[in-house]
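Me: I have a structure open and would like to go through it with you. Could we take it topic by topic?

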Amino acid sequence: RPPLVESPTVVLLTVDALRADLFTEANCKRFKTLCGMAARGASFTNARTPASATTTSLTALFTGKYYSQIEWRNTETSSGAERLFPHADPSTRFPELLAAAGVHTINASGRAGYARPYGITRGFVVERDFGKTAAGMLSGMRDELKAAPPGPAFAYAHLLEPHAPYQGSGATPYARYLSEIEAVDKALGRFIKAVDATPRGDSLIVIVSADHGEAFGEHGTEFHGSTIYEELIRVPIFVAGAGVRRVEVDVPVTLIDVGPTVLDLFGVETPGTFMGESLVPALRGDPFEPTRPIAADSSRWLQAMVFEDGMKIIYDARLRTTELYDTVKD
């Protein structure tokens, strides 16, 4: 099929700890940019992430592989602590394929773990540290896009504000969490407005998702990383911009589908090693019937599979327990 738009400018943003169930009518009064994207573009209402921690989920996003398919090795971080990263894993990252196809790629890295040496985001042509705030990172990304050579471009940033400890205003942790998401939403609104005013505005496609959700007492847990229940693996996926139809998609999708989607937007083939499928048919408004399974695979020996009828099975390899849920009813 012809591309959605010739020579696109695609911006992918993942927002830390952004739950899928936040976008209620009441919250949309605060999250005007994100809800506006959902209202005018494609909203995937049944999306999940393949892991409930940042490093594992973003590695899956960029490699198209699950945690247990990746080689992990300890490496020292900028703080001196040792953590597992995929820097030794040879799997192709999709920005490498874009760069090889002549796409100008930009990584607005705001933290050392998301920079080239750690292996998650390998393959970007340009990598810049614009600080840790959404406002700073998106402002820097705007300037990089403005300075980029004419032609197709892809830019990525992981926006950190909603991560605990929540620094926003409010009397409770949840209120402060919502306040930080509101700050991200306003920064995103300014960014889209600024890029729309440039020559790239006519070809701009923005994709927003999350690395994982966040728990506020559900299943007796807080924060993220400890389980793969729905509050941690249900995430939003919003796509809006040039050529994207207004559509609400309730077919189950996964963050692993985002890499093939970006490749498809630039007319670049997805390698067979990638476990996801392109969402571009849904963006066109065409029938969308993906055939890949949807799984979750956590570094805490937790694995899950989600089925088309809403059933979800979780296996805990440490405790050797199995849980089966009907997510439609429960």
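**Salt bridges, helices and a pocket**

Reply: Glu-144 is buried, with a relative accessible area of 16%. Please keep in mind that this is a predicted model.

Me: Which side chain does Glu-144 meet in a salt bridge?

Reply: The partner of Glu-144 is Arg-128, at 3.3 Å from N to O. Glu-144 belongs to helix 4 (residues 134-147) and Arg-128 to strand 6 (residues 126-129), so the pair ties together parts that are 16 residues apart in sequence.

Me: How many salt bridges does the structure hold?

Reply: There are 12 salt bridges. Among them is the one between Arg-73 and Glu-71, whose closest N and O atoms are 2.8 Å apart. Arg-73 is partly exposed at a relative accessible area of 45%, and Glu-71 is partly exposed at 30%. Another joins Arg-142 to Asp-143, with 3.1 Å between the closest N and O atoms. Arg-142 has a relative accessible area of 33% and is partly exposed; Asp-143, at 40%, is partly exposed as well.

Me: Which residues are linked in a network of salt bridges?

Reply: Arg-48, Glu-230, Arg-234 and Lys-312 are linked in such a network.

Me: Is Gly-213 buried or exposed?

Reply: Gly-213 counts as buried, because its relative accessibility is 0%. As for Arg-93, it lies 120 residues from Gly-213 along the chain, and the C-alpha atoms of the two are separated by 23 Å.

Me: Let us turn to helices. Why is helix 7 described as largely enclosed?

Reply: Helix 7 (residues 258-265) has seven of its eight residues buried, so it is largely enclosed by the rest of the structure. The buried residues are Val-258, Gly-259, Pro-260, Thr-261, Val-262, Leu-263 and Leu-265. After helix 7 comes Gly-267, with a positive phi near 75°.

Me: What about helix 1: which residues are buried there?

Reply: In helix 1 the buried residues are Thr-33, Leu-34, Cys-35 and Met-37. Their cover includes strand 2, helix 5, strand 8 and strand 11.

Me: Which elements each supply at least two residues of the lining of the second largest pocket?

Reply: Helix 1 (32-40) does, along with strand 2 (42-48), strand 11 (234-241) and strand 12 (247-249). Strand 11 provides the largest share of that lining, five residues.

Me: What volume does the second largest pocket have, and which residues lie nearest its centre?

Reply: The volume of the second largest pocket is about 280 Å³. It is lined by 18 residues, and Ala-38, Ser-43, Thr-45, Phe-238 and Glu-248 lie nearest its centre.

Me: Now the backbone. Where is the peptide bond that is cis?

Reply: A cis peptide bond runs from Ala-164 to Pro-165, with omega near -5°. Pro-165 is in the loop between strand 7 (153-159) and helix 5 (173-196). In general, most peptide bonds are trans, and most residues other than glycine have a negative phi.

Me: Which residue other than glycine has a positive phi?

Reply: Phe-223 is one of them, with phi near 65°. Phe-223 is located in strand 10 (residues 222-223), and it is partly exposed at a relative accessible area of 42%. Trp-301 also has a positive phi, about 65°, although it is not a glycine. Trp-301 is placed in the loop between strand 14 (294-297) and strand 15 (302-306).

Me: One last topic, the surface. Which residues make the nonpolar surface patch of about 270 Å²?

Reply: That patch is made by Phe-307, Ile-313 and Leu-324. Leu-324 lies in strand 17 (residues 321-326).

Me: How does Leu-324 count, buried or exposed?

Reply: Leu-324 counts as exposed, because its relative accessibility is 55%.

Technical notes:
Residues numbered from 1 in each chain as written. Predicted model: local features only at pLDDT ≥ 70, side-chain atom pairs only at ≥ 80, totals over all residues. Heavy atoms only, no water. Patch = residues over 30% accessible without salt bridge, like charges linked within 9 Å, V, L, I, M, F, W, Y side chains within 5 Å. Areas by Shrake-Rupley, 256 points an atom, 1.4 Å probe, with all protein chains shown as cover. Salt bridge = Lys/Arg side-chain N within 4 Å of Asp/Glu carboxyl O. Helix = DSSP H or I, 4+ residues; strand = E, 2+ residues; numbered from the N terminus. Buried < 20%, exposed > 50% of the residue type's maximum accessible area, 1.4 Å probe, protein only. 1 Å grid on protein atoms, 1.4 Å probe; cavity = no way out; pocket = protein on both sides within 12 Å on 5 of 7 lines; lining within 4 Å. Points joined across faces, edges and corners; volume = space filled by probe spheres on them. Contact = heavy atoms within 4.5 Å.
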